[in-house]
Amino acid sequence: MEKLYIDLGENSYPIAINGGLRYDIDNYLGEADKCLLITDENVDGLYGKDLQQFLKERTIEKIVLSPGEASKNLATVEGILHKMIEGGFTRKSQIIALGGGVVGDIAGFCASIYMRGIPFIQVPTTLLSQVDSSVGGKTGVNMPQAKNIVGSFYQPKSVMIDIEVLRTLPKRELLSGIGEVIKYGIIYDYDFLCYISDEFAQIMNLKEESLKKVIKKCCEIKAEIVSKDEKEKGLRKILNYGHTIGHGLEAITQYKKYTHGEAVLIGMYYEAKMAKVMGLIKEEYYKEIENIIKKTEISLDIGEFSLQDLVKSMTKDKKNQGDKISFILPSSKGEVKEVLLSKEEVVW
Ligand code: NAD
Ligand code: MG
């Protein structure tokens, strides 16, 4: 078992990583008069029913959402809150988020606003949620106008990462998580980037030892960044490498063509190119980034979209300042920096 601790003063919490950890869930729930298990249909079929058996002594209610991003809206939140009020949930109740980032973001947001905040625990079941969304306390939902535009910073009581559940994850979803994994190496730790490159096949084949190591390292990096800057005033922005172009691509395709991680992989590729063109990094390091992104075999061809249209969709980003677009670009091995560019200055 790997253990980590996110140090955020009174909002601190542990992260545990192991195969089969879900069987141990009862020990991770604190005292609670009632628990609400929030999951989606796919995950419920695979693990939800199973999990309830291990919570026999608890009073549990369950809400099963339709899988996918389309559920991540205020109507879903309202539905959950109605059920919680009708079900007599109190400040002593707890929410368990069992699923990917969609379930985690919705469940966390509900926990943060129900009676001004009740405890919740994260049991992330996708690689993306295990290395990224379950750690750091961003919760929220989408509005028709923009993604993740309504939400809160709200930390879980604990995060339980069971790597065994990744075995049922579709390959495309696994790859989506790999996008964020590679990102951590580029933004924070060059040795880790080399490790990912060397162990790429083992990670994709879900070799337990490599997976545990990778997930732990990603959580460590995210924990370190979040501990220093919980509410994205500065340092935390580096987590957005690949995301300016990535979000632009997701928006321009109405979130239908790419998974988030795929868009981030493509975004990282073009943002590395930008860094090279702008002289921030040398050709040799650019090639290293390109090689590792190409290991995923993702298509990097985005020729169907004009640069102008893409840039237009980037101008709505929350991180922008005035009429400048915020990019996080590689600046040396294992380091990135923020560069603000006007629409006309964007080139790759
Ligand atoms: P997701 O939650 O939609 O899950 C992807 C698919 O995998 C779903 O169909 C789900 O049912 C299925 N699934 C989940 N676990 C499974 C398993 N073990 N076996 C088989 N199928 C399984 O997507 P995601 O990629 O986990 O998360 C994406 C969301 O996370 C986005 O909404 C994004 O905005 C959010 N996010 C949030 C943060 C944050 O800091 N809060 C960070 C990154 C991403
Ligand atoms: Mg992301």
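In which loop does phenylalanine 54 lie? Phenylalanine 54 sits in the loop between H2 and E4. Helices (H or I, at least four residues) and strands (E, at least two) are DSSP runs, numbered from the N terminus.

The model is predicted: local features need pLDDT of at least 70, side-chain atom pairs count only at pLDDT 80 or more, and totals for chains, interfaces and linings use all residues. Residues are numbered from 1 along each chain as its sequence is written, while chains are lettered from A and ligands numbered from 1 in the order in which they are written. The chain has an average pLDDT (the predictor's confidence in each residue, from 0 to 100) of 94, and 100% of the residues score at least 70. For the complex, the predictor gives an ipTM of 0.99 and a pTM of 0.94.

Seven strands make up an open sheet of mixed pairing, in the order E1-E2-E9-E6-E5-E3-E4. Two strands pair if DSSP finds at least two bridges between them. Strand E1 (2–6) and strand E4 (60–65) are the edge strands, and each pairs on one side only. Neighbouring strands of this sheet are turned by 15 degrees against each other on average, direction ignored. Axes are lines fitted to C-alpha atoms, for helices over the stretch in contact, and angles run from 0 to 180 degrees between N-to-C directions.

Six bridges link strand E3 (residues 35–40) to E4 in the parallel sense. Isoleucine 38 stands opposite isoleucine 63 in E4. Across E3, E4 and strand E5 (94–99) lies helix H2 (residues 41–53), running at about 150 degrees to E3.

Phenylalanine 54 counts as partly exposed because it has 14 C-beta neighbours inside 10 Å. The cut-offs are 20 or more other C-beta atoms within 10 Å for buried, 12 or fewer for exposed, and in between for partly exposed, with C-beta atoms placed from the backbone. Leaving aside neighbours within four places in sequence, phenylalanine 54 is in contact (C-beta atoms, placed from the backbone, within 7 Å) with Tyr23, Ile25 and Asp26. The C-alpha atoms of phenylalanine 54 and isoleucine 25 are separated by 7.1 Å, though the two are 29 residues apart along the chain.

Strands E7 and E8 form a hairpin with two residues between them. E7 (residues 138–143) and E8 (residues 146–153) run antiparallel, joined by five bridges. Valine 141 has valine 150 in E8 as its bridge partner. Five of the six residues of E7 are buried.

Key. Contact = placed C-beta atoms within 7 Å.
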